[in-house]
Amino acid sequence: MLVLGIESSCDETGVALVEARGTDLPVLRAQALHSQIDMHQAYGGVVPELASRDHIRRVLPLTQRVLGEAGVGLSQLDVVAYTRGPGLAGALLVGAGVACALGAALDKPVLGVHHLEGHLLSPFLGSDPPQFPFVALLVSGGHTQLMRVEGVGRYELLGETIDDAAGEAFDKSAKLMGLGYPGGPALSQLAEQGDPRAFKLPRPLLHSGDLDFSFAGLKTAVLTQVKKLGPELEARKADLAAATQAAIVEVLVRKSLAALEHCGLDRLVVAGGVGANRALRAELKVAGAKRKLRLHYPEPDWCTDNGAMIAMAAAMRLAAGVQSASRCYAFDVKPRWPLTDLSSGLSSRT
Ligand code: KG4
Ligand code: ZN
């Protein structure tokens, strides 16, 4: 079975082809990605209308490239999958519209995928796929969640951010320090030259006793430091970046460990753009070695948005029998869509 996946929820157009055979894990045949980072950089963040227009320009050439690389013709596709949400409405509509038009033209079924499920299942694209059940730390630009994952489509929300997401904390702090967009990679690169103890920044909700997060206060603390430093900021920027990163990472690590303990599990999957953060990986490695944890990350290319994770999630949902693809080509998108809406029979909170 050949599944084409189209991702267009934010500022990356991703297209990929996976092949599923019997009970084996689906394998990636080809993928192509166009990042809009250069285009949005001038504005310091994603401009939704520009994002939608660029997805329109990119999606068909990327699809042709993927099919060409895989040596597969359009008529050989079995299913066309697309990101249905959450994300920017206009951007999602491009992928959904193209996928459903392709499906209708080819008389092939289509399937709408949850973007976060794509992130969650992205480690299955790599050479060290996890086994169920596991705890997942989903850390992207828009979401920070801890989930208990029993199997494909069986997700229990353990905790989430009550305000900003971890990626947003990186991005907004970076912006306050005058670093470029997206801030996460820029801030973490600068942090490598800084001293994380140089500034005392809050660890929000660290001792809250639950598995929720809050990062809005941290951003305010960074703003206060930036104002206090004034012209000294330039000389102290690496230290402030290191301290900010350390605060975010400590909360993510401690809450992930608490979630594992709460669930009685020793397997952690870290997915989403912030999962690429080197300091987060290093801290988890130390904590994991102490507690004999198994840690799984997507390969670096699959941490941020991509089409492969959407094709993979679709193929895994089909293989698990939790969803079937449909020949109904009327589509809607879900800019807001809790991942737990996909689960049946699991409570949504501890
Ligand atoms: O998963 P993703 O590509 O898009 C969303 O679905 O949001 O995540 C993007 C987020 C951005 O906030 C970006 O700054 C952050 O991931 N990010 C990082 C790193 N690479 C990407 N944050 C910290 N360190 C990184 N190395
Ligand atoms: Zn994402």
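Colleague: Is T83 buried or exposed?

Modeller: This is a predicted model, and in it T83 belongs to strand β4, which covers residues 79–85. The relative accessibility of T83 is 1%, and since buried means under 20% relative accessible area, T83 counts as buried.

Colleague: Which side chain is joined to that of T83 by a polar contact, and at what distance?

Modeller: T83 sits in strand β4 and has a relative accessibility of 1%. Its side chain is joined by a polar contact of 2.6 Å to the side chain of E7.

Colleague: Which residues coordinate the zinc ion (ligand 2)?

Modeller: The coordinating atoms include NE2 of two histidines and OD of an aspartate, at 2.0 to 2.1 Å. Along the sequence the donor residues follow the spacing H-x3-H-x185-D. The residues are H115, H119 and D305.

Colleague: How far apart in sequence are the parts that H119 and D305 tie together?

Modeller: The donor residues of the zinc ion (ligand 2) are spaced H-x3-H-x185-D. H119 lies in helix α4 (residues 115–121), whereas D305 lies in the loop between β10 (294–296) and α10 (307–320), so the pair ties together parts whose separation in sequence is 186 residues.

Colleague: Why is the arrangement of donor atoms around the zinc ion (ligand 2) called irregular?

Modeller: There are 4 donor atoms around the zinc ion (ligand 2), and four donors count as tetrahedral if all angles lie between 85 and 135 degrees. The arrangement is irregular because the angles subtended by these donor atoms are 94 to 141 degrees.

Colleague: Are H119 and D305 buried or exposed?

Modeller: H119 has a relative accessibility of 0% and therefore counts as buried. For D305 the relative accessibility is 11%, so D305 also counts as buried.

Colleague: Which residues come nearest to ligand 1?

Modeller: There are 18 residues around ligand 1. A polar side-chain atom of D171 lies 2.6 Å from an oxygen atom of the ligand, and a polar backbone atom of G273 is 3.0 Å from an oxygen atom of the ligand. The residues that come nearest are H119, G141, D171, G273 and N277.

Colleague: How far is a polar backbone atom of D305 from an oxygen atom of ligand 1?

Modeller: D305 coordinates the zinc ion (ligand 2) through OD. Its contact with ligand 1 involves a polar backbone atom, and the distance from that atom to an oxygen atom of the ligand is 3.2 Å.

Colleague: Which strands stand at the edges of the open sheet of 5 strands?

Modeller: The strands of this sheet follow the order β8-β7-β6-β9-β10, with mixed pairing. Each edge strand has a single partner strand, so one side of each is left without a neighbour in the sheet, and the edge strands are β8 (154–160) and β10. Neighbouring strands are turned against each other, direction ignored, by an average of 25 degrees.

Colleague: In which sense do β6 and β9 pair, parallel or antiparallel?

Modeller: Strand β6 covers residues 134–139 and strand β9 covers residues 267–271, with 4 bridges between them. One of the bridge pairs is V135 with L268 in β9. The sense of the pairing is parallel.

Colleague: How many bridges join β7 to β8?

Modeller: Strand β7 (residues 144–151) and β8 run antiparallel, and R148 has E156 in β8 as its bridge partner. Their hairpin has 2 residues between the strands, and G153 in this hairpin takes a positive phi near 80 degrees. The number of bridges joining β7 to β8 is 6.

Colleague: What is the phi of D107?

Modeller: D107 is placed in the loop between α3 and β5 (110–114), and with a relative accessible area of 46% D107 is partly exposed. Most residues other than glycine have a negative phi. In D107, however, phi is positive, with a value near 60 degrees.

Note on methods: Residues numbered from 1 in each chain as written. Chains lettered and ligands numbered in written order. Predicted model: local features only at pLDDT ≥ 70, side-chain atom pairs only at ≥ 80, totals over all residues. Heavy atoms only, no water. Donors = N, O, S within 2.8 Å, 3.2 Å for Na, K, Ca; no water. Tetrahedral: all angles 85-135°; square planar, octahedral: opposite > 155°, others 65-115°. Buried < 20%, exposed > 50% of the residue type's maximum accessible area, 1.4 Å probe, protein only. Pairing = 2+ DSSP bridges. Axes fitted to C-alpha atoms, helices over the stretch in contact; angles between N-to-C directions. Near = heavy atom within 4 Å. Polar contact = N/O pair within 3.5 Å; in protein donor to acceptor, adjacent residues only side chain to side chain.
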